[in-house]
Amino acid sequence: MSNDDTIPITIEFSGGLEILFSNQKKYNLPLPFKDESGEPANVAFLVRHLCDNVMEDPRKELFVLDGTVRPGILVLINEADWELEGEDKYEVQKGDHIMFVSTLHGG
Amino acid sequence: MAAVISSLRKQISTCEATLEDLRHQLAEAERIQRQQQKSVPQKRPLATDPASPLDHDMNFGVPDDFRSEIFAVLKQEAKAVEGTESEEPSRWPLEKNEYKRYGRQLIMPEVGLQGQLRLKKARILVVGVGGLGCPAAAYLVGAGVGTLGLVDDDVVEESNLHRQILHSTARVGMTKVQSAMVALNSLNPNVKLLPHISRLTPDTAISTFKDYDLVLDCTDTPTSRYLISDTCVLLRKTLVSASALRIDGQLMVLNNPPSPPGDTTGGPCYRCVFPKPPPPESVVSCGDGGILGPVVGVMGILQALEAIKVLTQTPAASSVDPPSLILFSAYSNPMFRSVRLRNRKAKCAACSAHATVTPEALESGSLDYVQFCGSVVSNNDALLPDERISAQNYAHIRSGVNPFTGTVSSKDSHILVDVREKVQFELCNIDGSVNVPFSTVSNMQGDENDWVTQLRKSEKPIFVVCRLGNDSQVVVKKMKQLGLDAGGKRYIGDIRGGLRAWRQSVDVEFPEY
Ligand SMILES: [Zn+2]
């Protein structure tokens, strides 16, 4: 895939989610520019892409549930709650930093 | 017998240490009481009137020796009436000892006299007196809050002590609330401590919270987190919520400002940020996942800090910080980061105009938090009885005579697979066992992994063991799926109750962790 077809972004996992992604907290990822149906790549597509191409752990249900990020995972787009940016419809931009944080409950 | 004697000796010395500790605390409390009695305010002298001839004579018109005598007589009289002196408004807003005790924070513009008075008036509730609650309570009591309530129904265990800094070795077995009160009282006897030795439930939450100004969520389960947040929204209290696991921590100040439900100027609540609870199988406790003491300590101290910030702010200060989540990760660089949270959610079940969480719903029990958060489906019955063996019977297999055949068995007659993670396996294991971590089994890609190949090379029966006897059952199933049981010809089973049962019924020396 040439650079023109992908968007370079940074993905980060926190709160133990990195365990599902080969214990690697940070990924510099080239995300395909368009999704399966030719629409600009948004966060929903990014989540599918991570699930299918990056996540090696077979326990997909610990990351995705009913087609979206499971409850208890906070998605942060450039250090802000994704609710502030349009949730999974947010179109991914070059250089974006997208973070997935699992809530902790211990105390 | 030697073990009994040494155990008794140890217990005696522990008790002596406790006694010693209590004597110190008593002496300290008595000293403070004496001090407080001494500092009873003196009668305020009247202002000198330069026009009064008596004033003039006393101050300037008598020889100094005579003046000394008069003062000495007056002092005697003052002493005689000291005990009966009536209560008079104190000259200073704080007690004398408080200026000294809080001096280092009083001279800071962030606190000052007004801030200290606000702290002194404040009533704080700490829910959970564990890894977060201990350091949080210690700093709040140290800072001189007026009243501190403590909620917990747990007792102190030895495995708490590496992080729950208010408890002590001598107080193992005592309730956490009582143990914390001993420590907090000796830290600062000026603070009123209120014990709530019970588990927080929907029908007690409102009555427990209502007399406090601010709440700290120092608990460790999703159910309590939703219950505490809902109650804070209903009673309009700001909530400082934190959590920690392994090397990570999280902190949020919620419902700040604590506007009434439906008012969008209020800060978000826990449900705004997490409308749905996580699936129960994704929730990991400190007991299972582990926790580094200073990690949870840092988070508890940050809770105390945020509470002090909220309590000491001037009422006129309208600008509350925008809602944020602090993420702490001990092995990352930087260790701290702060991310912006959303505002109140328009459809929040607790804090919006459409809230379904009401005091009536809470107190009637129609809000079932346990059901809302779900629980992990127990897989205790995952295996059939003939696929399982008790720890005691397994011990016979390792070193015993078969009652039917007379053959002597040994630990080489079979393969013992320990499926705990490597770091736990290295702590302690049964002689001769091989380690196949559970994560390796559950992360398996394809059918053939190295451990599968190794196990295929032999025909010896396989016993699987883990910490408590749950993961071992999952692995037995997996092994059978992979055909390691040669179509039923080779025995594969697990040890019921895992290494805990092994310690309880076979090897008392086996470490408990
Ligand atoms: Zn809310």
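Visitor: A helix here is a DSSP run (H or I) of at least four residues, numbered from the N terminus. In which helix of chain B does B:Cys286 lie?

Guide: The model is predicted. UniProt, in an unreviewed entry, places the feature "active site" at B:Cys286 and B:Cys466. The run that holds B:Cys286 covers residues 286–289 of chain B, and this is helix 12.

Visitor: Is B:Cys286 buried or exposed?

Guide: Leaving out residues up to four places away in sequence, B:Cys286 touches B:Arg163, B:Ala244, B:Leu245 and B:Ile291 of its own chain, and A:Gly106 and A:Gly107 of chain A. Its relative accessibility is 13%. Since the limit for burial is under 20%, B:Cys286 counts as buried.

Visitor: Where does the other "active site" residue, B:Cys466, lie?

Guide: B:Cys466 counts as buried, because its relative accessibility is 4%. Apart from neighbours within four places in sequence, B:Cys466 is in contact with B:Val419, B:Arg420, B:Asp471, B:Ser472, B:Gly498 and B:Leu499. Its place in chain B is the loop between strand 12 (462–465) and helix 20 (471–481).

Visitor: Which residue carries the UniProt feature "modified residue: 1-thioglycine"?

Guide: The residue is in the segment after strand 7 (97–102) of chain A, and counts as buried at 11% relative accessibility. Its contacts in chain B, beyond four places in sequence, include B:Gly130, B:Cys218, B:Asp220, B:Val296 and the cysteine B:Cys286. The unreviewed UniProt entry gives the feature to A:Gly107.

Visitor: Which protein residues are donors of the zinc ion?

Guide: The donor atoms are SG atoms lying 2.2 to 2.3 Å from the ion. In sequence the donor residues follow the spacing C-x2-C-x75-C-x2-C. The donors are B:Cys269, B:Cys272, B:Cys348 and B:Cys351.

Visitor: What is the relative accessible area of B:Cys269?

Guide: B:Cys269 is placed in the loop between strand 6 (248–254) and helix 11 (270–273) of chain B. Beyond four places in sequence, B:Cys269 is in contact with B:Ser229, B:Val233, B:Leu254, B:Cys348, B:Ala350 and B:Cys351. B:Cys269 is buried, with a relative accessible area of 0%.

Visitor: In which helix does B:Cys272 lie?

Guide: B:Cys272 counts as buried at 1% relative accessibility. Leaving aside residues within four places in sequence, its contacts are B:Arg342, B:Asn343, B:Arg344, B:Lys345, B:Cys348 and B:Cys351. The element that holds B:Cys272 is helix 11 of chain B.

Visitor: How many disulfides does the structure hold over all chains?

Guide: A disulfide requires two cysteine sulfur atoms within 2.5 Å. Over all chains, no disulfide is present; for B:Cys232, the nearest cysteine sulfur is that of B:Cys269, 9.9 Å away. For B:Cys428, the nearest cysteine sulfur is that of B:Cys466, 13 Å away. The number of disulfides is therefore zero.

Visitor: How many of the twelve residues of helix 1 of chain A are buried?

Guide: Helix 1 covers residues 43–54 of chain A and is mostly covered. Among its buried residues are A:Phe45, A:Leu46, A:Leu50 and A:Cys51. The buried residues pack against several strands of chain A, including strand 1 (6–14), strand 2 (26–32) and strand 5 (73–77). The number buried is nine.

Visitor: What distance separates the centres of domain 1 and domain 2 of chain B?

Guide: The domain assignment gives domain 1 as 122–373 and domain 2 as 385–506. Taken over C-alpha atoms, the separation of the two centres is 42 Å.

Technical notes
Residues numbered from 1 in each chain as written. Chains lettered and ligands numbered in written order. Predicted model: local features only at pLDDT ≥ 70, side-chain atom pairs only at ≥ 80, totals over all residues. Heavy atoms only, no water. Domains from an automatic or database assignment. Donors = N, O, S within 2.8 Å, 3.2 Å for Na, K, Ca; no water. UniProt positions renumbered as here; feature names shortened; annotations may be inferred. Helix = DSSP H or I, 4+ residues; strand = E, 2+ residues; numbered from the N terminus. Buried < 20%, exposed > 50% of the residue type's maximum accessible area, 1.4 Å probe, protein only. Contact = heavy atoms within 4.5 Å.
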